[in-house]
Amino acid sequence: MSTFQAPKGTYDLIPPESAKYLAVREAIAAPLRNSGYGYIETPGFENVELFARGVGESTDIVTKEMYAFETKGGDQLALRPEGTASVLRAALEANLHKLGNLPVKLWYSGSYYRYERPQKGRYRHFSQVGAEAIGAEDPALDAELIILADQAYRSLGLRNFRILLNSLGDKECRPVYREALQTFLRGLDLDEETLRRADINPLRVLDDKRPDVQKQLTDAPLLRDYLCDACKAYHEEVRQLITAAGVSFEDDPKLVRGLDYYTRTTFEFVHDGLGSQSAVGGGGRYDGLSEMIGGPALPSVGWALGVDRTVLALEAEGVELELPASTSVFAVPLGDEARRVLFTKVTELRKLGIAADFSYGSKGLKGAMKSANRSGARYTIVAGERDLAEGVVQLKDMESGDQRAVGVNEIVAELESKLG
Ligand code: HAM
């Protein structure tokens, strides 16, 4: 161990575990790539104002969890706590919305940072794969995103997740509800801080996990009963489209999200094997965000799925991903001449796309065969001076244990036909 350890709330991805994370990212991205989403990458940090305005001044993310700092040049920056504000900022900056092809559909994958209290499933550095569809108000788009996330989880073999669905209304009906909720909350027996939250962001109080608070909320007014006709019709259409796609979901009229930009459709994917950090993904519509960050009106919708929690969910369900063996052929040279010959063969195999590795350093036969075993390779090629003098190498099938001599000039073609 060195003097240093990974910072609190972070962990390293190390082989062979790390292969799972790659597979999860890939499985989430595949349905997006297949549905017209283009890949976007934005910087790991942004102007702090982008998140203050976008995610919301009063959210926990902005008030408590942001890694904000001043650079040597005096810029106020923050490590990105989420992807939506950055992706929208980048799309506006590149004028993607002006190319006459709305919605602009983008997907991304990367690291995000929140200064949270670490626990299982909650980290200070975590990883998301996300999707944003910018510039269209169409219930089919909301439905598409929910269906694609469902497809991604299912393709991984995940089963025990649920989709919670709600509508948060729009700028017409939400303020009316907000006031009704505030009036209700002021009549409850709540502590100072919660009452303050009720003033600034009353919907967040609905999300309070404490039993004594939840008990008082049973009769809280529900946004559902305040939705305007347009929001109601929109939500009903989203529900029907998802249902028609065979994706089951639960209406959750109390679902609130931790970010302020949401309007209308909101959803969360929860997994029941994860304890308190049960949200494996979440998202929704954010019709006002573009204007909040100085852009034109661009109704949009998106989600982000947490890679770390998806891996935990797979483990909780005991799903073993079918990961491709990282090495198919392992070469074990005995002596200098064999090193040169087998190294050339390994290079040739790799050029053909066959995963091959080599016994480096000066190991004896026993140590080298141990490495061959550990590599998981299906075949090992061994060669010593006597083999080369006869123009052959030994090809060992690691599954059956069979070994036979194959001509030096034939070995690559032989392995290609076996593995190809
Ligand atoms: P979010 O719900 O804050 O939404 O995060 C999405 C997912 O990221 C969560 O469901 C969870 O799986 C994962 N996640 C969040 N925080 C942590 C953490 N501290 N440790 C581990 N995993 C975490 C957003 O970020 C929105 N930008 C989603 C969105 C996209 N909405 C519209 N478009």
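**Notes on a predicted two-domain model**

1. The protein chain splits into domain 1 (17-173 + 227-317) and domain 2 (329-419), with bounds that come from an automatic or database domain assignment. The C-alpha centres of domain 1 and domain 2 sit 48 Å apart. Keep in mind that this is a predicted model, where local features need pLDDT of at least 70, side-chain atom pairs count only at pLDDT 80 or more, and totals for chains, interfaces and linings use all residues. Residues are numbered from 1 along each chain as its sequence is written, and side-chain values use heavy atoms, with hydrogens and water left out.

2. Have a look at helix α16 (residues 411-419), where I411, V412 and L415 are buried (under 20% relative accessible area; exposed is over 50%, partly exposed in between, with a 1.4 Å probe and protein chains only). They cover an arc of only 100° around the axis, so they fall on the same side of α16; the arc is that of the directions from the helix axis to the C-beta atoms. The cover over the buried residues of α16 includes β12 (329-333), α13 (336-351) and β14 (379-383). Helices (H or I, at least four residues) and strands (E, at least two) are DSSP runs, numbered from the N terminus.

3. Where does L217 lie? You'll find L217 in the loop between α9 (211-216) and α10 (229-244). L217 is buried, at a relative accessible area of 0%. Leaving out residues up to four places away in sequence, L217 touches F184, L185, L188, V205, L206 and K254, contact meaning heavy atoms within 4.5 Å. One of these, V205, is 12 residues from L217 along the chain, and their C-alpha atoms are separated by 9.0 Å.

4. Most residues other than glycine have a negative phi, and most peptide bonds are trans. Here the bond from P15 to P16 is cis, with omega near 0°, and P16 is in the segment before α1 (18-33). Another cis peptide bond joins L102 and P103, with P103 in the loop between α4 (84-93) and β5 (104-113).

5. Are they buried or exposed? N95 is in the loop between α4 and β5 and counts as partly exposed at 32% relative accessibility. R264 belongs to strand β9 and is buried, with a relative accessible area of 8%.
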